[in-house]
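This report looks at one chain and at the way it meets its partner. The sequence and the structure come first, and the description follows.

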Amino acid sequence: MNWLNINKNDRNLLIGFIVVVLLGPLIMEPIGGGYPDLLQKFAIFGIFAIGFNILFGLTGYLSFGHAAFLGIGSYTAVWSFKLLTMNVIPAIILATLLGGFFALIIGFIALRRSGIYFSILTLAFAQMSYNLAYSVLTPITNGETGLQLRLHDARVVDGLFGVERTAGLPNTELFGLAMSGWNGYYFCGFLAIVGFFISLRIFRSPFGLMLRAVKSNQHRLSYTGLNTRPYTLAAFVISGMYAGLAGGLLAVTDPLAGAERMQWTASGEVVLMTIFGGAGTLLGPVIGSAVIKYFENIFSSFNEGILLNAFSFLPEGLQQAFAWTVGLFVGEGWHLTLGLLFMFIVIFLPGGLMEGATRIKSLFQSSTKGSPPIQKDLPVEKS
Amino acid sequence: MPILTVKNVNKRFGGLQALDNVNLEIEAGTVHAIIGPNGAGKSTLLNCFIGKLIPDTGLVDFDGVSLLGKKPHEINQVGVSRVFQTPEIFGDLSLLENVMIPSFASRDGAFRVNAWSSVENETSIKEQAMALLEDVELADSAQVIACQLSRGDKRRLELAMCLVQQPKLLLLDEPTAGMARADTNNTIDLLKKIASKGITMMIIEHDMHVVFSLAEKISVLAQGTVIAEGLPEEIKGHPKVQEAYLGGAHL
Ligand SMILES: Nc1ncnc2c1ncn2[C@@H]1O[C@H](COP(=O)(O)OP(=O)(O)O)[C@@H](O)[C@H]1O
Ligand SMILES: [Mg+2]
């Protein structure tokens, strides 16, 4: 794989990633996650977080508005389904490009500031988009109902190619292959692999080194002859494109776009995923998003009935007390659990799950080889 | 021929006249020292050269072009590098990466999305960086994270970062401050070596031993004005200098 221009370790990392994507259904089966809806989310939010990490993990610029690009990607894809074709290729290309285009504009403005002011600017922009989607932009976003497919949508490209109209709403497809179920998962999984590879290349390249230098000491970088603004803007646009793609894929697997996708909680979620897994590491964001989506799925599926059932061995009063207490942390209350988990990670493992992995690894190494030298602390990036 | 010309530069911070009509010329290929008591405006003067500060009035010309209004990265790209009074390095990158970054800046310019090549395959950049790390005797720690270095080592790292760019003008702000005597002597030797390669240097220094070992010309700054200028021997005996700076003590 020399043509991919990567060294042996990275090649193994990439192969590992591909294998995990391919065997995803098998791996997730024993822990109750072996179905396409969930695995699709892993892939899609993995892409979102990988892109976010290129901005936040490398340059240190913390955006609180990336859900806006996710939403833009979804709207774009649905419009592509409505106006052009049910084929997903134009949809995701347009979603990626539009995500990047809006990131260019927003980044141009927001990157005039750094630190907390940058974060606030991105947050303000995302909330603005969210509100616009509900108000002035209703003709484009269909307001609270959300943008949906209709039987009589134009779909001009499909019309040109003489694609027959179905009686019900058409399915998204890839040259005839329906994008539902496992097909949808593997399509998203393939793009996650591509996204991961691009991120790997950026991490290892001189461009990526400059981005890390921005995070380390932006002043030094400019006195070293590098114009830092276009570097941060490039990272911002790239991460916006990833977000647009992820939004497009959400619409591919379920052709519907709503403004709630742009809400600040959604922007916060990708921040959580990235930090949870390990900002600035290659694998961290992917792992973070998978873990969070997995637990969200498990925890939020518990309802009162299940809980009462689980505690049925207890006397009635206790049964209800237990079910009520646990009920605070599951179902609708799952965010409480997530919050606690996140606090735990930030306090004890500021480098996220990847730091945990590194620590465990060095524990093993130091017990066999004595204390390690003060070498550069590369995060463990073996899968 | 002067490589740097400073004419009538003024800089005021609120009520403080930090630079008061400074005139200065640095000859190409020489080592020019600026001495003066604390707060004289020496660092402020350097800040006006590298785009960190813009003088209220005056001219700063380098190699025939004005530096005023240029951005810091543009000034570096025309050949001016600076070592700061408190070391400015990339604390969470390795020493090797610290020196490779300025080398990339010299080769690729101020901005280039070079995402396909691998840093580890950039052999010529890497070799250059290693050679510089050897010059400053830090090659053994090439893979160490820079923030783990001692202050003296950070200075030497920063020096390597500047030198790898082969600047036309190297600005050094108190390069030996806080160093032990032995380290200071090593640094003097290193700077002599650099000077012998013909790199123009402007050095701000407190340590008279360093100044008189290196400088070919000395300007004395006090309260924002150049009060004396000349060859080292002239400065040593200059009554105004002794009064303003050396407190009357004989050297
Ligand atoms: N950015 C600034 N804002 C306000 N005052 C400053 C600033 N930079 C320097 N000064 C003041 O200008 C004077 C000269 O400082 P400086 O150039 O650092 O002196 P030195 O000769 O010791 O390097 C000092 O009184 C300092 O407090
Ligand atoms: Mg100073």
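## Fold of chain B

In this predicted model, the secondary structure of chain B comprises 9 helices and 10 strands, taken as DSSP runs (helices H or I of at least four residues, strands E of at least two) numbered from the N terminus. Of its 251 residues, 54% are buried, meaning under 20% relative accessible area with a 1.4 Å probe, protein chains only.

The radius of gyration of chain B is 18 Å, which agrees with the value near 18 Å for a compact globule of 251 residues; it is taken over C-alpha atoms, and the globule rule is 2.2 Å times the number of residues to the power 0.38.

## Interface with chain A

In all, 43 residues of chain B are in contact with 31 residues of chain A, contact being heavy atoms within 4.5 Å. Between chain B and chain A there are 2 salt bridges (a side-chain nitrogen of Lys or Arg within 4 Å of a carboxyl oxygen of Asp or Glu). Arg212(A) forms a salt bridge with Glu97(B), their closest N and O atoms lying 3.0 Å apart.

On the side of chain B that touches chain A, α2 (72-77), β6 (80-83), α3 (95-108) and α5 (151-163) each supply at least two residues, and α3(B) gives the most, with 5 residues.

## Basis of the values

Residues are numbered from 1 along each chain as written, and chains are lettered from A and ligands numbered from 1 in written order. Local features need pLDDT of at least 70 and side-chain atom pairs 80 or more, whereas totals for chains, interfaces and linings use all residues, and side-chain values use heavy atoms, without hydrogens and water.

Definitions and conventions. Buried < 20%, exposed > 50% of the residue type's maximum accessible area, 1.4 Å probe, protein only.
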